[in-house]
Amino acid sequence: MATDIKFVLVGTGFNDGRPNSFTIRATNHVQFMVRGLNKKKGKSDSPLTLPALVRFVHFNWQDDQILVYEHPFPVKGTVTRKPVWTELSAFSSTEGGPTFDPKTFITKSAIEGLNRVGISMVDMYRAVRKAPRGSVLDMSVYSHGFVEGPVVENTSDAEEVSTTTPHVPIRTKTDLDGRARSDFTPHMGERDVAANATALKDFREGFSTGATFRIFGCNVQDIVDGSAFGESTRSLLRSTVFEVIHAAFILQLRKKTAASVEIRKKKKPASVTIDMEHEFKLEDEANDTSSHLTNFTEAQLKQLHYAIDTVFFPANTGPLIFDRAFTDVTKFIARETKRGYIFKAAEALPAVSCFAAVPGSGGDYETTGNRLMLVPRSDWGAILNFFKDFMGLKFDERNYGVFDAAGVAAINDRELNG
């Protein structure tokens, strides 16, 4: 009987100052996936036909390496062992021939400019695009992150567009991170648009039935152009979604109003009072000391946040405290969710279950169990409750939002109907 060969791709970004903080997640992810696949052996929802091999490919930004580990799944019994990684170039394929040899379809980009490594998110995308059709079980990334996607090296996006007509977004040559604006377009942001016209189709077809796409990390910042105030064109604000949920939901629960009574019942009140003055004071205090936020004044924060959604917020000269229908709140949260990386991925991959931190929440390291990453309820529980109760979203066991077909449909419904 021929051996069924599948792939799992896992990327780990630059460590955060703690040795091996992201890098070790690749090995942990292998063990997590192996346990899950063993539990499904012989069941109708198992993605493997036994005997099987799963080839794990680690895109390791910290050490500028692409590594491979192969795990067997025999017809009887299970294999339990600690993964031993091999350099891609040294990997010896014993089964499946050249078609299933990762050396034949996985490459590492050359270092561009001042980049510290050559590996790019594009290399992970291309690996799925070029893999045998229907062979990729999972693609996961452990790194910092924000609304635009995973931050594997923290490079910059100059927001280039193609020379073709019509113009379409293309990736900056020196950009290694994920980009919501370009990565799930038909050409997946590739600079040669014509040669990559079927890129997204190829990417979609690389995944197996029941595949997963997971982005571990945070989504607690917005990118804005701060040049009018002498700051970077890619300045960082505290998540506007977080601030609106805090004002319209979290703070309401502390009050004794008609709106708070309905919210406690998990019902949408007719309207709520939004106090952005309070939110900007909190953010101004935070950005005085945080390296993760640009240090704007309260007045500047108002202009920048209000410009993010001129439908929801008053004009820049408008009030800091205002009333909004609660359905307008949920419509705003839906619009902001839809512009993020994971939602665009989920739209592009309707048959793949996508997982990521919902806007306004952050990831951290699991210290027990699988030792992957999770969204701690102790920090972000109220944000999770809002998305569950009022946005119709489900969450996995680590509190990452489930952006499958049902999740996409729920957010689209909230955008239309509140």
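## Close-up views of a predicted model

Figure 1. P51 has its place in the loop between α1 and β2 (52-60). Please keep in mind that everything shown here comes from a predicted model. The peptide bond that joins L50 and P51 is cis, and its omega is about 0°.

**Figure 2. A cis bond between T165 and P166.** This view moves on to the loop between β7 (149-151) and α3, where P166 is placed. Here the peptide bond from T165 to P166 is cis, with omega near 0°. As background for this view and the one before, most peptide bonds are trans.

**Figure 3. E159, with a positive phi.** The loop between β7 and α3 also holds E159. Although E159 is not a glycine, its phi is positive, about 55°. How accessible is E159? Its relative accessibility is 49%, so E159 counts as partly exposed.

Figure 4. N20 is a residue other than glycine with a positive phi, near 70°. Leaving aside residues up to four places away in sequence, S21 touches N15, D16 and Y365.

**Figure 5. The surroundings of P269.** P269 sits in the loop between α5 (258-264) and β11 (271-275). With a relative accessible area of 7%, P269 is buried. Which residues does P269 touch, not counting those up to four places away in sequence? They are A259, E262, I263 and F326. For a sense of scale, the C-alpha atoms of P269 and V244 are separated by 15 Å, and these residues are 25 apart along the chain.

**Figure 6. Helices α2 and α3 packed together.** In this view, α2 (residues 121-130) packs with α3 (residues 199-206) at an angle of about 70°, and the two axes are 7 Å apart. That angle makes α2 roughly perpendicular to α3, because 65 to 115 degrees counts as roughly perpendicular. From α2, the residues Y125, V128 and R129 take part in the contact, meeting A199, D202, F203 and G206 of α3. Sorted by type, the residues of this contact are four nonpolar, one polar and two charged.

**Figure 7. Helix α11 and its buried face.** The 13 residues of α11 (residues 405-417) reach 18 Å from the first C-alpha to the last, close to the 18 Å expected at 1.5 Å a residue. Which residues of α11 are buried? They are G407, V408, A410, I411 and R414. Looking down the axis of α11, the buried residues fall within an arc of 160°, so they line one face of the helix. These buried residues pack against α8 (326-338), α9 (341-348), α10 (377-390) and β17 (401-403). On the other side of α11, A406 and L416 are exposed. G418 follows the helix, and its phi is positive, near 75°.

Technical notes:
Residues are numbered from 1 along each chain as its sequence is written. This is a predicted model: local features need pLDDT of at least 70, side-chain atom pairs count only at pLDDT 80 or more; totals for chains, interfaces and linings use all residues. Side-chain values use heavy atoms; hydrogens and water are left out. Axes are lines fitted to C-alpha atoms, for helices over the stretch in contact, and angles run from 0 to 180 degrees between N-to-C directions. Helices (H or I, at least four residues) and strands (E, at least two) are DSSP runs, numbered from the N terminus. Angles under 35 degrees count as roughly parallel, over 145 as roughly antiparallel, 65 to 115 as roughly perpendicular and the rest as oblique. Contact means heavy atoms within 4.5 Å. Ala, Val, Leu, Ile, Met, Phe, Trp, Tyr, Cys and Pro count as nonpolar, Asp, Glu, Lys and Arg as charged, and the others, Gly among them, as polar. The expected span of a helix is 1.5 Å times one less than its number of residues. Buried means under 20% relative accessible area, exposed over 50%, partly exposed in between (1.4 Å probe, protein chains only). The arc is that of the directions from the helix axis to the C-beta atoms.
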